[in-house]
Amino acid sequence: MYDFTLHRPTSVDAAAAAIGGASDGKIMAGGMTLIPTLKQRLANPSDVVDLGAIAGLKGIREEGGNIVIGATTTHATVAADPTVKAKIPALAHLADGIGDPQVRNRGTIGGSIANNDPAADYPAGLVGLGATVHTTKRQIPADDFFIGMFETALAEDEIVTAVAFPVPEKAAYMKFANPASRYAIVGVMVSKGPAGLRVAVTGAGPSVFRLTEAESALGGSFTADAVAKVTVAADGLNSDMHASAEYRANLVSVMLKRAVAAAAG
Amino acid sequence: MPDTGIGASVRRTEDFRFLTGQGRYTDDINRPGQVHAHFVRSPHAHAKIKSVDTAAAGKAPGVLAVFTGADMAADNVGSLPCGWVVTDRHGDPHKAPAHFPLARDKVRYVGDHVAVVIAQTYVQAKEAGEQVTVDYEELPAIASSAKAMDSGAPQVHDEASGNLCYDWVLGDEAEADAAFAKAHHVTRIDLVNNRLIPNAMEPRAAIGEYDGGTGSYTLYSTSQNPHLLKLILCAFVLGLSENKLRVIAPDVGGGFGSKIFCYAEETVCTWAAKKVGAPVKWTAERSESFTSDAHGRDHITHAELAMDKDGKFLGMKVQTTANLGAYLSSFATSVPTYLYATLLAGQYTTPVIFANVKAVFTNTAPVDAYRGAGRPEATYVVERLVEVAAREMKLDPAEIRRRNFIQPDQFPYQTPVALQYDIGNYGQSMDKALEMIDYQGFPERRKASEAKGKLRGIGFSAYIEACGIAPSAVVGSLGAGVGLWESAQVRFNATGSVSIFTGSHSHGQGHETTFAQLVSETLGIPMENVEIVHGDTGSIPMGMGTYGSRSLAVGGSAIAKACDKIIEKSRKIAAHLMEASVEDVEFDKGTFRVAGTDKEKSIAEIAFTAYVPHNYPADLEPGLDETAFYDPLNFTYPAGVHICEVEIEPSTGETKIVDWVAVDDFGKIINPMVVEGQVHGGIAQGVGQALLENCVYDLESGQLLTGSYMDYCMPRADNLPSFRVGMTQTACTHNPLGVKGCGEAGAIAAPAATINAITDALGILSMDMPATSEKVWRLANQHAQAAE
Amino acid sequence: MPTVSMTVNGRAVTGDVEGRTLLVQFLRENLHLTGTHVGCDTSQCGACVVHVDGESVKSCTMLALQADGAEVTTIEGLAKNGDLHPVQAAFREHHGLQCGFCTPGMVMSAVDLLKKNPNPDEGEIREWLEGNICRCTGYHNIVKAIQSAAADMKG
């Protein structure tokens with residue numbers, strides 16, 4: 001690892017100032033992606049701004065019918081939170097399947113979405129549930145937040161502060177994990193609620209995407225049968241030594257059916 | 001059964017230190033004044049080194065020295081040798097190109113060692129390493145063993161034309177052809193035994209140290225056989241007198257073969273310690289383990305089995321291409337020959353076998369022994385062949401095996417491939433395994449799975465292995481450069497405790513417990529009075545280390561022999577003390593008695609007398625300290641039957657192992673708990689090979705594509721079931737303990753059982769490992785479509 | 001050079017570190033607590049698991065400075081007054097370790113599991129161990145040990 005100056009601000013303003021003042025700064029939430037990247041000497045930031053000491057960024061609250069999750073809330077906290085489990089069990093399930101227990105104890109929702117790894121789970125959670133990302137500058141609908149592979153709508157000095165999830169009537173997340181890395185080869189979130197009918201897919205493409213054909217099919221009837229014939233073209237899907245595009249396309253169909261069946265419960 | 005004697009599941013002595021964080025692994029050791037090494041490695045699979053510029057790195061903060069191959073050449077440091085000469089089909093020795101610890105003219109795989117930077121801290125060494133500028137002329141690379149012998153393929157070594165290390169045969173081809181001519185049916189298969197990366201959890205590490213006052217070196221190393229490492233370094237590489245190097249292998253975190261060999265890094269640390277005048281430490285990062293630990297397996301095989309109309313085997317022909325990587329690792333040549341083709345008889349009476357092995361060089365990491373070493377490859381060939389034969393002949397897979405088993409009254413049994421099996425009862429293991437798995441109930445279980453939309457399959461593997469490596473005269477005649485005996489020293493201390501010095505090395509096997517049980521029972525002293533010392537050439541007689549499931553069969557036998565010497569000497573002392581004739585003194589459970597009297601002396605009293613010999617036989621030396629060397633008379637032949645049941649979800653290809661039965665015959669068992677643990681771990685590695693693990697190189701560039709746990713899939717707890725382990729027992733006939741060896745069995749048996757079960761579930765004959773979910777999904781769907 | 005202070009196994013410690021110093025380096029190199037191991041460089045093997053403020057974390061994927069002010073427990077701090085923790089004792093009783101290298105992380109992970117789920121079934125144990133790789137045992141006896149420890153701790 002190259003050396004850097006570590007900042008541990010206790011307020012969002014101080015964090016924004018620190019990142020603004022750095023010649024080549026990186027924001028760190030849980031560090032579950034950034035620290036391994038630094039260890040491999042794939043990045044050489046002058047400054048790292050750790051958000052972990054900012055109390056205001058942690059925690060889960062209900063607000064205006066939404067579940068609002070602070071940016072540095074860990075996956076383990078989301079997975080175990082009674083409110084999340086009661087109102088959006090699909091989200092608790094998603095958080096409970098990220099990485100491994102130790103990663104869940106450190107990794108955060110804000111860090112995950114700001115990184116936008118194409119195989120991460122949370123992007124499907126946000127898009128599939130129609131969430132809104134709160135930042136130091138604005139509020140961004142999830143549909144507009146994830147731009148492309150490792151790319152989001154965030155500006156350089158913009159920090160995610162929270163994510164607000166509307167409470168769906170039904171939702172479920174199903175994931176087919178890479179057996180080595182345990183990231184999603186394919187993950188599908190389906191939901192029906194205030195944000196409409198939503199089907200979001202992670203792992204299969206360069207970034208999370210909505211499966212509109214499945215959404216239309218579910219408009220008729222929210223059942224596994226309704227999506228039984230939904231297929232996805234392999235063209236443009238990710239292909240690597242762990243899963244070809246064709247296999248990923250199949251997994252999208254299978255995970256979709258499983259998710260709809262679970263959500264229709 | 002005694003609490004700590006032979007046959008008791010004594011809880012392990014070594015566990016307390018491991019469980020409380022007090023284990024002492026090489027990286028836990030820090031020597032006064034130590035400095036740190038970082039290796040500059042080749043990013044290319046094949047390139048000429050035009051120049052290496054170390055000037056900038058040499059001036060970087062904290063840097064003491066930067067060395068290249070030229071510096072080692074100037075000191076006459078030799079090539080890392082391969083210790084087993086294989087004679088090819090024309091009577092010539094294998095091609096043995098030089099393998100210098102730091103490359104001199106060319107690099108031949110990604111991760112090959114180009115330079116070493118030595119600095120005050122590891123970070124300084126690593127950062128300075130980025131300033132070493134190497135001017136490479138990139139060359140085309142050959143990473144595929146299938147294409148290595150093609151005309152026009154890039155040549156890894158000038159002296160190995162066509163990349164051929166050797167073309168070797170075993171058996172009589174004409175006889176085999178004659179047997180095939182008479183066949184009712186011939187089964188043919190093509191298979192790949194996938195390349196694996198051993199991945200002991202402790203990365204390799206070394207600390208080299210030089211004492212200018214005495215001119216002697218010490219090397220701490222993560223080694224499975226410190227004595228052999230010392231011998232190789234002194235005699236072949238560094239040109240040191242053997243009494244000037246002490247090798248210490250402290251607690252070692254798993255080996256599985258990968259820590260048998262003499263590696264470049266430990267060689268460089270030892271050599272450089274004198275050059276820089278400070279202890280030099282190196283610990284591999286996991287990514288370095290991936291690129292530079294010796295890999296395992298990597299065979300491509302075509303095999304044929306000839307049968308009569310009843311499914312009786314008439315002959316077998318096997319053609320294998322074995323990938324040895326870019327250089328020959330310490331024992332690489334022996335693995336696809338004497339540890340592989342000699343096992344092709346399996347448990348069967350196949351009368352004629354012909355094997356041809358072509359071993360090739362490629363621009364990949366060296367390949368050498370990995371848990372099982374040749375024997376898993378042989379079992380995979382035999383047990384896949386037999387399974388496919390059963391399906392083609394429409395015979396029950398248990399029945400076809402039974403019809404061909406060597407029968408108990410046929411032992412000792414001379415196979416057509418050099419080995420003579422001493423004892424076994426293969427039908428008994430099969431019966432027990434069938435009963436444990438409830439074979440009768442399988443059709444019902446299959447129906448129940450089908451009702452859930454899943455495919456269920458059952459797969460057998462009746463394996464044999466040759467362990468307890470090995471009779472020195474036999475391996476010597478086959479080209480081994482060393483003898484494969486083992487040593488033991490049993491030292492009574494004056495106050496009755498005992499120190500055992502063994503040339504075997506424990507890196508997880510639990511020798512400190514098993515050997516202490518053996519000594520406790522043999523000498524009749526409490527187990528807590530026995531200390532097992534291993535892993536230090538400074539205190540232990542020359543030994544040969546631990547690999548090939550040899551520790552108990554060879555090392556344990558040496559301990560038993562040394563204990564016998566102790567008892568015989570003690571008997572003389574006891575006779576003197578009790579004023580009896582030696583012939584009248586009996587020994588039982590730690591006590592010497594004069595037959596027919598109530599006179600007795602404990603062995604502790606005898607030991608005290610031996611060291612305080614105030615009243616002592618005039619013709620006897622004081623002291624009670626005996627050394628024995630044991631050279632086995634034959635290999636041992638553990639064998640058994642493993643049965644695997646799988647359930648497959650056809651929509652995704654997910655394969656779940658739903659049951660696993662292992663019935664093994666390891667001969668006599670000292671600690672059943674430890675033995676079962678070895679079986680579990682072996683199966684996990686075999687299942688890993690069959691379902692998950694695969695070392696992949698890009699065939700164009702020679703880059704390692706599976707260079708971390710992100711891409712190389714290690715078996716996790718949720719990939720595996722609990723295992724059901726049963727035992728049968730025929731005692732080995734030729735060692736004093738009747739033991740056979742258990743460390744590799746699981747890894748040998750498991751791949752064939754797993755693939756046989758999956759292909760059974762899918763209703764197909766063959767597929768290659770690893771059976772990833774995508775592969776299984778494709779085959780399930782092809783088969784479903786074909787059936788429609 | 002920044003200074004970091006924390007409580008490790010009940011003892012207040014302070015040390016000079018760099019921004020990039022990992023918690024595991026601080027434990028092994030500054031404090032000489034070598035029971036915590038490093039088995040990989042991609043945060044997957046779990047040999048380095050310790051507890052920070054009562055939660056199991058991978059100490060190879062946390063900066064020492066992030067643990068400033070925290071309570072850290074390592075494998076060396078688990079046994080009290082020479083008595084093995086029930087999870088340590090169960091690993092010994094059920095042969096849940098062979099080479100011992102993954103063991104400290106495996107034990108620290110299991111202790112956290114039983115705190116969160118005192119009565120896990122076999123499947124839950126196997127899933128929890130996703131972040132801990134063992135190459136020796138095939139996990140069979142590790143699972144058995146954790147089940148047994150759960151029973152003992154309820155006892």
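**Close-up views of salt bridges, interfaces and cysteines**

**View 1. A salt bridge joins B:D536 and B:R246 at 2.7 Å, N to O.** The model is predicted: local features need pLDDT of at least 70, side-chain atom pairs count only at pLDDT 80 or more, and totals for chains, interfaces and linings use all residues. Residues are numbered from 1 along each chain as its sequence is written, chains are lettered from A in the order in which they are written, and side-chain values use heavy atoms, without hydrogens or water. A salt bridge here is a side-chain nitrogen of Lys or Arg within 4 Å of a carboxyl oxygen of Asp or Glu. B:D536 sits in the loop between β21 (530-534) and α15 (551-577) of chain B. B:R246 is in strand β11 (residues 245-248) of chain B, and the two partners are 290 residues apart. Helices (H or I, at least four residues) and strands (E, at least two) are DSSP runs, numbered from the N terminus. B:D536 is buried, at 13% relative accessible area, whereas B:R246 is partly exposed, at 36%. Buried means under 20% relative accessible area, exposed over 50%, and partly exposed in between (1.4 Å probe, protein chains only).

**View 2. B:E647 and B:R456 pair across two strands of chain B.** Their side chains form a salt bridge at 3.4 Å, N to O. B:E647 belongs to strand β26 (residues 639-649) of chain B and B:R456 to strand β18 (residues 455-464) of chain B, so the bridge ties together parts that are 191 residues apart in sequence. Both B:E647 and B:R456 are buried.

**View 3. C:E122 and C:R126 pair within helix α4 (residues 122-128) of chain C.** Their closest N and O atoms are 2.8 Å apart in a salt bridge. The two residues are four apart, about one turn of the helix. C:E122 is partly exposed, with a relative accessible area of 29%. C:R126 is buried, at 5%.

**View 4. Chain B meets chain A through 22 residues on each side.** Contact means heavy atoms within 4.5 Å. The two chains bury about 1,700 Å² between them, 49% of it on carbon and sulfur atoms. Buried area is the accessible area (1.4 Å probe) that two parts lose on being put together, summed over both. In chain B, B:M710, B:E774 and B:W777 lose the most area to chain A, together 27% of what that side buries. Five salt bridges are counted between chain B and chain A. One of the salt bridges in the model pairs B:E130 with A:R41, with 2.6 Å between the closest N and O atoms. On the side of chain B that touches chain A, the elements giving two or more residues are α4 (122-129) and α19 (773-787) of chain B. α19(B) gives the most, with four residues.

**View 5. A network of salt bridges links A:D3, A:R41, B:E127, B:E130, C:E18 and C:R20.** Over all chains, the structure holds 72 salt bridges.

**View 6. Domain 1 (3-77) and domain 2 (86-154) of chain C.** These bounds come from an automatic or database domain assignment. The C-alpha centres of the two domains lie 21 Å apart. In domain 1 of chain C, 17 residues are in contact with 17 residues of domain 2 of chain C. The two domains bury about 1,200 Å² between them, 57% of it on carbon and sulfur atoms. C:H37, C:H51 and C:I75 supply 37% of the area that domain 1 buries against domain 2, more than any other three residues. One salt bridge is counted between the domains. C:K116 and C:E55 form a salt bridge, with their closest N and O atoms 2.6 Å apart. On the side of domain 1 that touches domain 2, β3 (49-52) and β4 (55-58) of chain C give two or more residues. β4(C) gives the most, with three.

**View 7. Cysteines of chain B without a disulfide partner.** The structure holds zero disulfides over all chains, a disulfide being a pair of cysteine sulfur atoms within 2.5 Å. The sulfur of B:C563 is 18 Å from the closest cysteine sulfur, in B:C732, too far for a bond. B:C695 is in no disulfide either; its nearest cysteine sulfur, that of B:C713, is 14 Å away. B:C563 is buried, at 0% relative accessible area, and B:C695 is buried, at 8%.
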